[in-house]
Amino acid sequence: MFRILIIFLPFITTVVLASNYTLSFRSSNVVANLDTTTRKLIVERNGKPVQTILMNHDIESDAAFGLLDNGFKLLNADREVTEFTIDWDGEDFSLFTVARRSRHHSRIVVDCLKLGVDVNWFGGPMQALQYWPVQKQKFNEYSYINKADDSCCIAERYWLNSLGSFVFVDEDAPLFIDQNYGQPGYLCLEAKKSLPFDIYDDTYSFVYQIGIGRDARGAHMGAIQKILGRPSGHPAEAMVKYPIWSSWARFKKEINDSVLYVYANDIYKYGWSNGQIEIDDDWEMCYGSLQPDSLKFPRMRHTVGVLKAKGFPRITLWVHPFINRDCEAVYSEALRNDYLVRNHDGQTEAQWWNSEPDGSVHLDFTKSEVAEWFTERLKSIQTEFGVNGFKFDGGEPNYMPADPVLNGPRSKHPFLITDGYLRTVAKFENLAEVRSARRTQDLPIFVRMNDKSSAWGWSNGLQTLIPTLLMMNMVGYPFVLPDMVGGNGYFNQYPSKEMFIRWLQATVFMPSIQFSYVPWEYDEETVRISKKMTDLHEKITPKIMERFKLAVSDGHPVNPPIWWVSPDDFEAQKVFDQFMLGEDIIAAPVVQNNVRARDIYLPKGEWVDGNIATVYVGPRWIRNYTVPLNILPYFVRKGVKIH
């Protein structure tokens, strides 16, 4: 056994044979040791391990070794190369790459990240069962794409740990994950040529980057600057300041102009105006027509005008990327012009939640002519009916025909459809919202949480609202549109008065408030508490907009976890039911049923109770803080005025 020390300077590439060796390579503050016998890659910063990876069997103890200009490479017995290279070497942040290129399609590569006992992890996919931190999640051979299954509408290949290191897997890798399954305590990244990824190329690449910062915050900001990116703009302030009133949860498909008039009248009557009304599912003549149902909305432009006259200047429509096959003549036009996604057998039939099996088709947004056709149809709607924007649904690849043929590199299948769709609809910018995302952190639009259940617990209920908010912020999506207050009312589950109020309180310090169920369905007290909460949200809108602008300029999260202001605080890292607005406000809403006292953690700093003006010095726990139904606990950094 011997050790090779590499300091990154220019080298002439040579290859030498070695046996049972440890490679140590270093940048300014980072040392990485690769033991070719145990196949462990241990990354250290200032002598402290921050990442441990058990590497695939293709890292062989007698592999050939060679130097590169900025790293080294290993050559296994099958002549397959693994490269280790430095991408960025700075005093506060380092980034290097592990790359296996041109692996034969029959090969499976598995590298496993050690989660660690005293290490917390953040990032990963959106899930119905959304934990925070995420090391408790479990996955078994989980295809890592954004998909409707498990509410996995966002699946960024990014995992950050509390030690100040992250791993980001390149989008070209056909990635599956196992977490706490075959190897408890590990997150295994498995690359293999298998559906839903491309299965036709003879080779594939498995490349990932490891970033190391001074702490978790520093590592994440390094990821923002070097990998994830930041938004190019932000949503309209009006969508932040005033509530969005959706027809969906309360009325489902039972909507028409009369229903919406009564809805608008009641909203105004009980003290809300200047908001946005969202006309949701089943306004169309047929799915994909983008024309109003003549019985429900015989004069759509008139309907929109009436709603605006009632005090709601922004009217939006629900839109999707599907056409049902019985929706003539749009279906025939799209089929004739080859606007539809086809599989490798040339078939277009698919299914989504509003069709029978093989009863729908998916527009192929990887074709520029389709994007232009769809865009022009939406613009025509705006001109003809006077609507201001759109709620865009769908975008996940699983609604296409299986094994699709898309216009672009096969290594990026099936993600190309999400990218094409979102970049098409993002042209409608500041009044647009989407529910799916994948490497689209640059888009200036709201990303909506997937539908939540009207339930309290961890099974996609209220308890997952804050973990979902934190997950989205920490994979680079700061413009989060929370789901409707009280959830969606599926399976005859409807929010109780207490659930409605607690859900609303939880969204006050999030970027927007979205209603469908309404306060006056309960009682006067609910109306009074709800008005107090929406007034508070309106008052703190300038703070939200400040964070929006900082997200655009520097990539900072709008609603970070509370450890953001104290990255090494282990207690703060574990808190899943509190969050921050920026760095000066801590929200600690109640997310459990029949709770009238809760524990609250305050990180380092002086914090003023927003309800009773008491000053607390953190870090500390406040035990049994009293939370009657009308109280939303929140704390403001001393010296900061929020309104």
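**Note on the domain 1–domain 2 interface**

1. About 2800 Å² is buried between domain 1 and domain 2, and carbon and sulfur atoms account for 61% of that area. Buried area here is the accessible area (1.4 Å probe) that two parts lose on being put together, summed over both.

2. This is a predicted model: local features need pLDDT of at least 70, side-chain atom pairs count only at pLDDT 80 or more, and totals for chains, interfaces and linings use all residues. Residues are numbered from 1 along each chain as its sequence is written, and side-chain values use heavy atoms, with hydrogens and water left out.

3. The protein splits into domain 1 (20–227), domain 2 (237–320 + 374–398 + 411–548) and domain 3 (570–637), with bounds from an automatic or database domain assignment. Taken over C-alpha atoms, the centres of domain 1 and domain 2 lie 36 Å apart.

4. In domain 1, 31 residues are in contact with 34 residues of domain 2 (heavy atoms within 4.5 Å).

5. The interface of domain 1 and domain 2 holds 3 salt bridges by the rule (a side-chain nitrogen of Lys or Arg within 4 Å of a carboxyl oxygen of Asp or Glu). K412 and E171 form a salt bridge through their side chains, at 3.6 Å from N to O.

6. On the side of domain 1 that touches domain 2, the elements giving two or more residues are strand 14 (158–161) and helix 1 (216–228); both are DSSP runs, numbered from the N terminus (helices H or I, at least four residues; strands E, at least two). Helix 1 gives the most, with 3 residues.
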